[in-house]
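User: I would like to go through this structure step by step. Could we begin with the terms and then turn to the details?

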Amino acid sequence: MRFSLDRLRRVSKLMSLSTFLSVMIALSLLPGIVTADEATKATIQANSNTLASSSLAKRQLRAAWIATVENTDWPSKPGLPAETQKQEYITHLNELQQMRLNAAVVQVRPAADAFYPSQYAPWSQYLTGVQGKDPGYDPLAFMVGETHRRNIEFHAWFNPYRVSMQGDVNKLATNNPARQHPEWVISYGGKLYYNPGEPSAREFIINSILEVVRNYDIDAVHLDDYFYPYKVDGQDFPDNATYQRYGAGRFANKNDWRRDNVNLFVSSLSSRIKQIKPFVKFGISPFGVWRNKSVDPTGSDTTAGVTNYDDLYADTRTWIKNNWLDYIAPQIYWNIGYPAAAYEKLVSWWANEVSKGHVQLYIGQAAYKIGSSSPSNWLNADEMPNQLALNARYPQVQGSIFFSLKDLNANRLGFKQRLINDIYSQPALVPTMSWLGQTSPQPPQYLQSFQATGGQAGVALLWNDALNNTTAYYAVYRLGGNGQPTYTGYSGGVSPPLLVTVARNQSSTQQSFVDTSAQPGNTYTYYITAVDRLHNESQPARGQAITLRY
């Protein structure tokens with residue numbers, strides 16, 4: 001086991017002794033690569049110091065899925081007035097902020113329908129109760145604007161192939177493309193799907209996603225685990241005629257043809273997103289197992305009944321090797337020690353899988369299982385915290401996405417409060433992606449600090465942004481006591497504790513923030529950096545120390 005103590009350089013000059021010691025302990029637990037057995041032993045100990053490292057992480061994606069299919073998370077039910085829908089979404093953003101999450105993964109096309117005006121899909125029935133009925137506003141434009149106002153990333157989540165949760169095409173809106181092109185549609189397991197092997201359908205789906213990339217200021221395109229549908233016992237997906245038409249001449253094995261169909265979709269979508277907006281990320285959250293070791297010696301040490309490669313025809317390894325993705329977030333929805341698919345073994349496997357490319361690894365976390373008795377491991381209040389502690393042991397794991405927001409809000413076994421009070425007790429910046437751009441903004445200028453007035457208690461900060469800067473928001477750091485007036489260690493990943501991020505006032509070069517958490521009689525030093533939309537961070541403005549008198 002190797003300890004990464006080189007990360008501690010210069011940190012003692014920037015933090016209080018207690019904070020410095022906490023970071024020393026936390027970082028001593030971060031090896032370069034650990035075995036699954038080592039990770040299991042450490043996790044069983046429920047090491048609180050590893051959780052501390054998660055809280056102190058400067059950069060970490062912290063996200064939740066907000067599912068709209070069948071009104072899972074939002075809106076709470078179909079047919080609500082537009083203002084009620086808006087207020088519900090704002091409430092969800094407040095909940096994300098309370099938990100210090102920095103990204104929302106919002107399902108904007110749960111089937112062949114849309115939460116925005118589209119040339120490619122009718123309005124979603126989950127908005128109004130009737131597919132094709134205008135809700136009276138543009139939900140996606142509203143959501144993106146409100147999400148960004150809080151410095152939270154917006155990942156637009158699409159289900160590319162699912163047409164409907166029911167199997168009767170005649171129940172779709174008359175303007176639904178699936179109804180207009182029945183040759184694209186396959187009924188399977190009581191649901192409707194676009195046929196992944198039909199080239200015209202594939203092109204249509206790609207164009208429908210690119211419509212959102214062009215028209216909305218999203219941060220990422222996100223797909224989940226639904227490619228070819230999960231298999232129904234005793235039923236083969238009925239695409240043999242399509243295979244004979246398009247694949248039999250090139251692929252002796254239909255399964256290889258199916259994987260190629262998905263690969264063509266993923267690779268084409270990836271390149272075309274970047275052609276339109278190079279800064280928009282592309283991520284996929286696949287099922288948690290690529291292949292079992294018994295089938296492929298390079299697969300994971302699992303005996304899962306379903307795998308990406310063999311059942312869903314999603315060859316995640318090929319996507320990673322070709323860097324078609326910016327991030328991958330496998331849904332590792334099993335507990336630590338689960339016999340068929342142990343969490344600790346899969347995290348180790350995926351960490352190794354991404355180690356040779358640029359694709360970032362986040363873990364899909366099963367918040368919905370917390371408090372479940374099947375299996376009983378989920379009745380242990382430490383199960384999910386232990387999983388996050390295990391993640392922190394792998395440098396390759398750069399964050400988590402929780403399914404779903406409603407399950408976090410349920411606070412089963414007190415997990416939401418543990419996020420707020422312990423695991424995510426400090427905010428974190430989203431990880432950078434150097435291949436998308438790595439030029440940092442110019443630093444803020446003329447930072448000043450004052451005792452707040454006008455009925456506000458706390459410290460008022462004023463600063464100017466550089467002219468024509470690429471700033472999307474600002475990071476405010478606070479140290480107790482008199483700190484150094486200048487500090488140049490931010491680019492190395494070491495910095496004072498992050499207090500808050502502040503949205504840029506687009507109408508002025510002068511910016512402001514009031515720290516209402518500052519306590520009278522204490523001395524603080526503040527540093528402020530400018531951060532662009534890809535989370536590249538400037539050097540800080542010259543630090544300002546102030547003693548709060550009252």
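Analyst: A polar contact is a pair of N or O atoms within 3.5 Å; within protein, one must be able to donate a hydrogen and the other to accept it, and residues adjacent in sequence count only if both atoms are side-chain atoms. This is a predicted model, in which local features need pLDDT of at least 70 and side-chain atom pairs count only at pLDDT 80 or more, while totals for chains, interfaces and linings use all residues. Residues are numbered from 1 along each chain as its sequence is written, and side-chain values use heavy atoms, with hydrogens and water left out.

User: Which side chains have polar contacts with Arg272?

Analyst: The side chain of Arg272 has a polar contact of 3.0 Å with that of Glu203 and another of 2.9 Å with that of Asn207.

User: Where is Arg272, and is Arg272 buried or exposed?

Analyst: Arg272 lies in helix H10, residues 254-276. Helices (H or I, at least four residues) and strands (E, at least two) are DSSP runs, numbered from the N terminus. Arg272 counts as buried because its relative accessible area is 19%, where buried means under 20%, exposed over 50%, and partly exposed in between (1.4 Å probe, protein chains only).

User: How many residues does H10 have, and what is found at its start?

Analyst: H10 has 23 residues and spans 33 Å from its first C-alpha to its last, close to the 33 Å expected at 1.5 Å a residue. The expected span is 1.5 Å times one less than the number of residues. At the start of H10, a side-chain oxygen of Asn253 comes to within 2.7 Å of the backbone nitrogen of Asn255.

User: What about H4?

Analyst: Helix H4 covers residues 82-98, which is 17 residues, and reaches 24 Å between its first and last C-alpha, close to the expected 24 Å. Its buried residues include Tyr89, Ile90, Leu93 and Leu96, and also Lys86 and Glu88. Arg100 follows H4 and has a positive phi, near 60°.

User: New topic: which strands pair with S6?

Analyst: Two strands pair if DSSP finds at least two bridges between them. Strand S4 (residues 162-164) pairs with S6 (residues 191-194) in the antiparallel sense over two bridges, and Ser164 stands opposite Leu192. Strand S5 (residues 185-188) is also antiparallel to S6, joined by four bridges, with Ile186 partnered by Tyr193.

User: What lies between S5 and S6?

Analyst: The two strands form a hairpin with two residues between them, and Gly189 in the turn has a positive phi of about 60°.

User: Why does Glu537 count as buried?

Analyst: Glu537 counts as buried because its relative accessible area is 12%. Glu537 sits in the loop between strand S17 (523-531) and strand S18 (544-547), and its side chain has a polar contact of 2.6 Å with that of Thr529.

User: Finally, how many cavities does the search find, and what lines the largest?

Analyst: The search of the whole structure finds five cavities of 30 Å³ or more. On a 1 Å grid over the protein atoms alone, a cavity is a set of points where a 1.4 Å probe fits but cannot get out, and lining residues have an atom within 4 Å of a point. Grid points are joined across faces, edges and corners, and a volume is the space filled by probe spheres set on the points. The largest cavity holds about 50 Å³, and among its lining residues are Tyr188, Lys231, Phe237 and Asp311.

Technical notes:
On a 1 Å grid over the protein atoms alone, a cavity is a set of points where a 1.4 Å probe fits but cannot get out, and a pocket is an open set with protein on both sides within 12 Å along at least five of seven lines; lining residues have an atom within 4 Å of a point.
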